[in-house]
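Here is a short report on one protein structure. Look at the sequence and the fold, then read on.

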Amino acid sequence: MLPNQLGQTTFEEVQNSSVVELLNSSYSSSGNYHPELRKFVSTVIFPQCNVTVQNNTDCYSSSNVTNMISCMGNVTGTQLVPCRSWCEEVLNMAADWMKVLLPRCKLFPSSKHGCWNPTSAKLGNKVCYHGNGINYRGTWSKTTSGADCVEWLAEQSGYYKTEYPWANLDNNYCRNPTGLDRPFCLTDDGSQEDCDVIPCDADGCWDRGPPNYGKRSPSKSFYFVDERVTYTCNEGYTLKSGYTSEARCMLGGDWQYDKPSCSVNHRRRLQEELLEIYSASLAPENVVINFTGSVEQIVDLDEKKEQLVASVAIDFTWQDSRLSWDPKYYDDITSLNILGDSIWTPILTLKRNANPHSLQNDVPVRVSSNGQVAWNVETQTTTVCDADPFYFPADTMECHICLSAIAAVEQTIQCQGADKGNSPCNSYSDVTTEGEWRRNDQIFAKDNREACFVVHLKRIPLLHIATTVGPCIILVVLMTITFVMPLDRGDRISFGLTILLSMVVSLVFVTDVLPVKGALPFFATLIIVCMGLMGVFLLLTMAVIVIHDREGSLPPTVKVIFFRHISKILLLGDLTEKKRPCDEEADLTDFPATELEADLTDFSAIELINNAFQTHDKAEVSDERPCDGSETTRQPSTLLAGLVPTRSTALLELILNLKGVKNEVKDLAKAVDNKREVLKKVMMSEDEVSEYILLAKVLDRLCLVLYIISIAAAVPMTMYLGR
């Protein structure tokens, strides 16, 4: 019906305009355009008439533009141009070149002033929207979070009603006057939220509603593909068995799982009825508490403080008739979990506790329909142990973890025995390795008042034998070198002191690891004894060195005892056989003095000449022998006696010339005698020094033997006296 909004008054003008080309090209236009674009362009060119729906449909069903124009020309009625909201929605998705050919949307009236708006599209039985939903005219009035929308005339949203009068802002229905991504509304707190309105081209699942006696989250009318919904039941109800609480929307509009159903929560009802008149402060009469468990792990072991930190798992069971029920009245429920602080639980204290704390009773406790209560406790305990370090590094430690019940309640504690892989009562478990310890446990009830676990630990000695015991043995053996080194060297004492200090280091290490007890460990005591023996024999060695440096002779008795008897015992042989001949039997020829032999030769020659002068009076020349010191009368030499009767004139002259030196020859003989005496004294002095050296040698060997015997005897004696 002409004229239209483009100012065209005749059909010829319409046919010759470029808008007709837009109408024809809308069939083949590619792009993300509004699905009602062609319909909107047709309405702009040929405004709608207020005619019957049948006539209007017949004209639009023609695929030829000329036929459509001819059809419209034969229809009479009131002209209706497109509504502005429809224009805003369609052109929001149109290309710019399309917008240039069409009138601006502000030229179109609102629905209150008479305009044409197509019937709202539906998806299923719900009104949906195209594009961004500016022309959405449905009646949905809830946000995606489930909040109710307020009216557009309200104080929170009055601005929109004034600024966008054409946007169909009716009641509190969801709308999109500002051209956002989807329709929205305002809530009571003034916030703006998206509405749960369905896009017409969406692929998803329809809401199945909440379960009976329950609700769903999020609460929406339509869920897109891969969206999840969670179902929960109201208080006092629970999901029936076989249903899942979460479902996912799949392609094709199907849900992953069926919608669950809620039923009465019989467990909750049972718990409420059991505890309704129950008193947690009142213990059952003559209750017998059975227990079993084990020490799960050794967390820490402080040998010095004798403390064990262990993780313990204990299972307590007892009968409480107030907590029994008939399962047939509670959907065949035979067991129920209740918080431990809601019912009576035994008050147990940890004895020998180094870190005071009580067992947790706020953990779930399992109650059976026959009234049996099972309390499973897992806790970490710190207890004081009894260490026996005497046989270090093969020492032992025993740790008692005992839980004692208070005496105010009439109750009996009994060991239940082997259960769930635990050891039988009153017997040790198999030996296991825990670090450097071998461990075996025992579980028992003490006096029917305590639940006890015993952890018996025995150290694996290999490490300490290699790092402590072995080096000490080597040091003890190396100490024997001090008795082998030469006595005239000063290294012997310094070497012994070095070994002694090394033993001190080993002692410090042992005492630092082990706890302080009334008695020292055997190994520490043995180190102290060995250190004492080393000190004593170092002093004896110093005494032997002093004896070695002395001069003089020894008494005959000492010589016999040490050189003959003790030396044989020490495998040194008879040292008296190695002595030189006595001074009285020694001859001068034994003295290695070259000058003395030369002097003696000169003296003999002079003596021959001297005898030649004294043949007439038979003078005697005295000469002392080195062995006996006796005086003898010296006879004239046989050679000289033969020469005197046949002396010649030359010989007589020689004798007369030599007669003047007679006195000098006598003085020379005396000097020779004095030299002999000096040599005798030197020889005697050497014999005296040799005796002290031999004595030092015997004493040194004796110290070595005594040191070995002392070390060997120290081991059993220390063991006996230490215990």
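The model is predicted. Keep that in mind for every value below.

The structure holds 10 disulfides. The table shows three of them.

| Disulfide | S to S distance | Angle about the S-S bond |
|---|---|---|
| C87 to C105 | 2.0 Å | -75 degrees |
| C149 to C185 | 1.9 Å | -65 degrees |
| C233 to C262 | 1.9 Å | -90 degrees |

Start with C87 and C105. Their link is left-handed. The pair links distant parts of the chain, 18 residues apart. C87 sits in helix 6 (residues 84-91). C105 sits in the loop between helix 7 (96-101) and strand 3 (122-123). Both cysteines, C87 and C105, are buried.

Next come C149 and C185. The link of C149 and C185 is left-handed. C149 lies in the loop between strand 4 (126-129) and helix 8 (158-163), while C185 lies in strand 5 (residues 184-186), so this bond ties together parts that are 36 residues apart in sequence. C149 and C185 are both buried.

The link of C233 and C262 is left-handed. C233 belongs to strand 11 (residues 228-233) and C262 to strand 14 (residues 262-264), so the pair ties together parts that are 29 residues apart in sequence. C262 is buried, with a relative accessible area of 2%.

C472 is in no disulfide. C472 counts as buried because its relative accessibility is 4%. C530 counts as buried at 6%.

## Salt bridges

Side chains of opposite charge can pair when their charged atoms come close. A search of the whole structure finds 20 salt bridges.

E303 and R459 form one of them, at 2.5 Å from N to O. This pair links distant parts of the chain, 156 residues apart. E303 is in the loop between strand 15 (287-302) and strand 16. R459 is in strand 25 (residues 450-459). Are E303 and R459 buried or exposed? Both are buried.

E691 and K559 meet in another salt bridge, at 2.6 Å from N to O. This pair, too, links distant parts of the chain, 132 residues apart. E691 is in helix 17 (residues 662-722), and K559 is in helix 13 (residues 556-569). E691 is buried, with a relative accessible area of 4%. K559 counts as partly exposed at 21%.

R322 forms a salt bridge with D320. Their closest N and O atoms are 3.1 Å apart. R322 counts as partly exposed, at 30% relative accessibility. D320 counts as buried, at 2%.

## Aromatic rings

A pair of aromatic rings is described by the distance of the centres and the angle of the planes. A search of the whole structure finds 21 aromatic pairs. What is the arrangement of the rings of F316 and W375? Their centres are 5.7 Å apart and their planes stand at 35 degrees, so the pair is tilted. F316 is in strand 16 (residues 307-324), and W375 is in strand 20 (residues 370-388). The pair links distant parts of the chain, 59 residues apart. Both F316 and W375 are buried.

Elsewhere, ring pairs build a cluster. Its members are W152, Y159, Y160, Y164, W166 and F184.

## A surface patch and a helix

I474, L478 and I481 form a nonpolar patch on the surface. Together they have about 230 Å² of accessible area. L478 is found in helix 10 (residues 462-478). At 33% relative accessibility, L478 counts as partly exposed.

Helix 11 (residues 491-513) has 23 residues. An α-helix has 3.6 residues a turn, so residues three or four places apart point the same way.

Technical notes: Residues are numbered from 1 along each chain as its sequence is written. This is a predicted model: local features need pLDDT of at least 70, side-chain atom pairs count only at pLDDT 80 or more; totals for chains, interfaces and linings use all residues. Side-chain values use heavy atoms; hydrogens and water are left out. Rings of Phe, Tyr and Trp (its six-membered ring) pair if their centres lie within 6.5 Å; planes under 30 degrees apart count as stacked, over 60 as edge-to-face and the rest as tilted. Helices (H or I, at least four residues) and strands (E, at least two) are DSSP runs, numbered from the N terminus. Buried means under 20% relative accessible area, exposed over 50%, partly exposed in between (1.4 Å probe, protein chains only). Patches are made of residues with over 30% relative accessible area and no salt bridge: like charges are joined within 9 Å, nonpolar side chains (Val, Leu, Ile, Met, Phe, Trp, Tyr) within 5 Å. Accessible areas come from the Shrake-Rupley method with a 1.4 Å probe; for residues, only the protein chains shown count as cover. A salt bridge is a side-chain nitrogen of Lys or Arg within 4 Å of a carboxyl oxygen of Asp or Glu. The expected span of a helix is 1.5 Å times one less than its number of residues. A disulfide is a pair of cysteine sulfur atoms within 2.5 Å.
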